[in-house]
Amino acid sequence: MTSGILAYGTYLPYRRLDLSEVAAVAGGGGGRGTRTVASYDEDTTTLAVEAARGLGPASSLWFSTTTPAYADKTNATAVHAALRLDPTAPAFDANGSVRSAVGALRAALAHADLGGSPRSLWVTSDVRAGNPGSPDEAAGGDGAAAFLVGEGDAMAEVVGWGSATAEFLDRWRTPGDVASKVWEERFGEGQYLAAGRAAWDDALKSTGVDTIDRVAIVGSSSRAVTQLQKQLGIEATTIPAGIGFAGAAAPALALAALLDAASPGETVALVVLADGADVLLLRTTEALEGRRSDLAAQAAGGGPIAYGTYLRWRSLLKAEPPRRPEPARPSASAAGRSGDWKFGFVGSQGDDGTIHLPPSPLDGTARPMADATGTIVTFTIDRLAYSPSPPVVFAVVDFDGGGRLPVELTDVDPADVAVGGRVELTFRKLFTADGIHNYFWKARPVR
Amino acid sequence: MTSHGIKDRVAIISMGCTRFAEHWDKGTDDLLLEATTEAFKGAGLTADEVDAYWLGTAQSGMSGMVLAKPLGLEGKPVTRVENMCATGSEALRQAAYAVAAGAYDVAMAVGVEKVKDSGYQGLNAFPIPTDGTNRTLTAAAMFSMVAPAYAQRYGVDPDELRRALARIASKNHHNGARNPKAQFRREMSVEQICGMPAVAGGLSVFDCAGVADGAAAAIVCRAEDTHRYVEDPLLIKALSFVAGNGSGLTDPSYDYTTFPEIVRCAEDAYAQAGITDPRSQLAMAEVHDCFTPTELVLMEDLGFCERGTAWQQVLDGAFDLDGDLPVNPDGGLKSFGHPVGASGLRMLYEAWLQLRGHAPDERRIATVGPGRTMALTHNLGGYPGEMVSFVGIFGT
C-alpha cells in the first residue's frame, strides 16, 4: 500500500494589509492588492497549530518554518502539545529554509512508511516580513498549512519525487534579521529554471509517468515560477490571490490549492523552487471529494490592518510602549505542570457535571475544550492594561455545553464586540518576556 | 459555621493617620513613624508599652521587621499580614483577636503602602510566578463589567446609570474636599465626570480610586482597660472576613451585579454586632469605592437598600454627607487614593473621628445620635467573581 494524503488544512491569519498603503509611508514599494498578516499575538508556532487543528491524531509531527519562534529549543513540541498528540509521537523541527519544508514532508512520508507509525503530520507555517517598501514585503504573506500523510484512505497517493539540488546564492538572511538579501534576480531566475527542468525530468524518469494533468509551482523567484509554467505548458494552479509567498508554508499552501482544484483521477505535480528544485507527483483519488480545504474562502475573507499597525506588530516601527510594567516571564516549571491546560485547553469536569476552566484539582475528569464554541456574556475594553497591541478586548464567555471563562478576544475590532456574539478558541502568544513566548488560548469571533 | 465575634470585648483607644498623597519625599519608614507617633501620643503610650504589633502591607516590605526597624522595637512580636486590598483591616482583625484571646494587653495594628516608588501609574501587583495563563486585565476593566450588567438586569437606562456612577464619584470628591488628609481636595461635578474619556469599559479615570502613599495605625486593648488610656474609646462590634473561592469567574450563573463574598461577610458582621437593619442602625459607612460601580453594588450587597434601587438612591442623595446614611464621609478611596495596606485603617480613622464627635465641622455627619452610634467599614480585594471581603462594625 502506498502512502498518500489523508487530510489537510490551511490557516490564513485574519488581517490583510492593503499594499497601496505602503508607498506613502515607505517612500516606495507596496503595490496593488493585499497580503495576509499574522497578528501581533501570532507566530509561526501558533499559525502551525491553527492549520493542523482538526486533522486527527498523528504518530509523528514534522514542522517547518523559516522563522522559528525559538532557536535551540524545538518548536514542534508546542504544536504537539496544543494538538494533544500522544507523547510517543515524535515531533521534530526542520527549520530555517523554504526547502526544509520539502524535506520535512519527505521525512513525514518516510516515517509513515515505517511499521507502526501509519500517520504523520506535516505542518508548515511562516511569517514573512522584509524591509518596509521591499519586494519581499509586498510579495510575501503569512500563513500555514498542514497535511496528514500515511497509509489509509488517501485522497492523493504519492507517485514519486524528482529532485535537483544546487548550491547558489539567490537570497540569504542572517539569523535574527528581519529582511533577506537578494542577488540580482536574473541570476536566480536562470538557476531555478534549470533546476526546475532537471527535477521535473528526474521525477518523470523515476516514476515512468508521462502525462501530468495539473501543476503548482512555488518559489521565491516569481519570474522563475512564471517561466517554468510557460515552459511546461501544463494547466497551472496558483495559490489564491491575496496570500503572497508564504516562505516555508508556500509549498504546502500550493499543494492545498492544487488538491482543491484537482478532480479525482488526476496526476498532479507540486514543484518547489528553493535551493534547487523538488517535484512531487501525486495521483488523486475519489476520496478527494468533500475533503478539500476552504483556502480560497479564507483568502477572500479577513479584515484590514493599517500599515502603521503592521509595522508596529513586526517591530519595524518602534512605538512608545504601554506605560505599564511589562509582564513577568511565565514560569517554565509552572507551565510544565499545567501543560494540558496551557497548551491543550483541557479543563475538568466534576461529579455534578460542572465544567471548570482552568481545571479544578478537585475534579476527576479531564474535559478538552479547545474545540468548544461559546457566547459572549459581557465584555470590556481595557485601555490601561499592558498589551503588545492595546487596547485589550476582554469577554466573559459561556461555552456551549457548559463552562465559563473570562478570556481575551483577538482578531476583533473593539467596536464590533457585542453581548451575545459567538466565539471560538484560537491558540495564541499572549506576550513574550525574557525571550519566553507565553502561549495560551484566546477567543475570536466565529466568522 | 460558627462565628461568635468579639462584640464589646476589645476597644480602639487611639489612632493615627498620615495625609494620603504622592509622598515623593517620604518612604515607608517615614509614613510608619508618622502614623504610629500620632497613635502613641493619643493613648499616652510608648512603643515599648505596646505588647504586640500587626503590620499590614501588600507589597512595601516583607516581615514584621519592616515596622520593627523604623520604630526601633526591642524584642517585640511583629506580624506582617497581607490580604489584598483588605490588608489594613486584616491587621486590625488580628491585633483585636490577640487581645481578645488574652495573649496581650495592648496591641497595635498598622497599615502602610508606599505605592509611588514603582515608576508606573496605578497599582501594580507583585508578580508571582505562574504558568502564564492568568488574566492580565486591570481591576478597572474587571469592575467596569459591573455597570452594563447592572443596567441590563434592572432595566436602568445606561445614561441614567452613567449619571449615578458620576454622582458617586462627585459625592466622594465633595467629601474629600473637606478633608485635609485626602489626596484630592477638589470638587468635581457630575457633568465634569461624565465628560471624561473612557479608559476601561465605560469607566474614566474619575471612576477610579486615586493612587497614593499613606499609613494609618490603631491601638487596641481589652474594653475593661480603656479607662487607663482614654475617656471615649471606640468599641469593636464585629470583625468579619470572607475569602472567595473564585467560583464566580467560572460560574455561568454569576451575572456581575453583586459580590456574593460581601453579602456573606456583611451577614456575619451584622449577626456579630446584633444589627438587624443596617440602614437605620448605622450612622455612617466607609466602603471600598475602588471604582464607582463597586460602591453602587456595595449599597445593595451591604444591605443599605433593596436590589436594583441603589442607583436611584444615589441620585436622590441618600448616601451624601448630609444624607440618610452618609457613605464615605471622609472622601473614600476616590479622594484618598488606595495605599493598599493603609486603606482599611484609614476608613476606621474616619469612624473614630465621626462617632466620637471629633470630625471637623465642614464634614461632620448629623446622623450620629441616640440609637445610631455605629459605623461600618468595608474592604474588598480582588475582582468580581473572586474577591476577599472585610466588614467591621464599630460603636461608642
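Modeller: Here is the interface, followed by some details within each chain.

This is a predicted model, so local features need pLDDT of at least 70 and side-chain atom pairs count only at pLDDT 80 or more, while totals for chains, interfaces and linings use all residues. Residues are numbered from 1 along each chain as its sequence is written, chains are lettered from A and ligands numbered from 1 in the order in which they are written, and side-chain values use heavy atoms, with hydrogens and water left out.

Chain B puts 31 residues into the contact, and chain A puts in 30. Contact means heavy atoms within 4.5 Å. The buried area between chain B and chain A is about 2,500 Å². That is the accessible area (1.4 Å probe) lost by two parts on being put together, summed over both. Carbon and sulfur atoms give 60% of it.

Between chain B and chain A there are zero salt bridges. A salt bridge needs a side-chain nitrogen of Lys or Arg within 4 Å of a carboxyl oxygen of Asp or Glu. There are 14 residue pairs in polar contact between the chains, both residues at pLDDT 80 or more. A polar contact is a pair of N or O atoms within 3.5 Å; within protein, one must be able to donate a hydrogen and the other to accept it, and residues adjacent in sequence count only if both atoms are side-chain atoms.

Two elements give two or more residues to the side of chain B that touches chain A: helix H4 (139–144) and helix H8 (247–250) of chain B. Helices (H or I, at least four residues) and strands (E, at least two) are DSSP runs, numbered from the N terminus. H4(B) gives the most, with four residues. By class, this side of chain B has 16 nonpolar, twelve polar and three charged residues. Ala, Val, Leu, Ile, Met, Phe, Trp, Tyr, Cys and Pro count as nonpolar, Asp, Glu, Lys and Arg as charged, and the others, Gly among them, as polar.

Now for salt bridges elsewhere. In one of them, the side chains of A:Glu266 and A:Arg214 meet at 2.9 Å, N to O. This pair links distant parts of the chain, 52 residues apart. A:Glu266 is in the loop between helix H8 (250–261) and strand E12 (267–273) of chain A, and A:Arg214 is in strand E11 (residues 214–219) of chain A.

Last, the backbone. A cis peptide bond joins A:Leu357 and A:Pro358, with omega about -5°.
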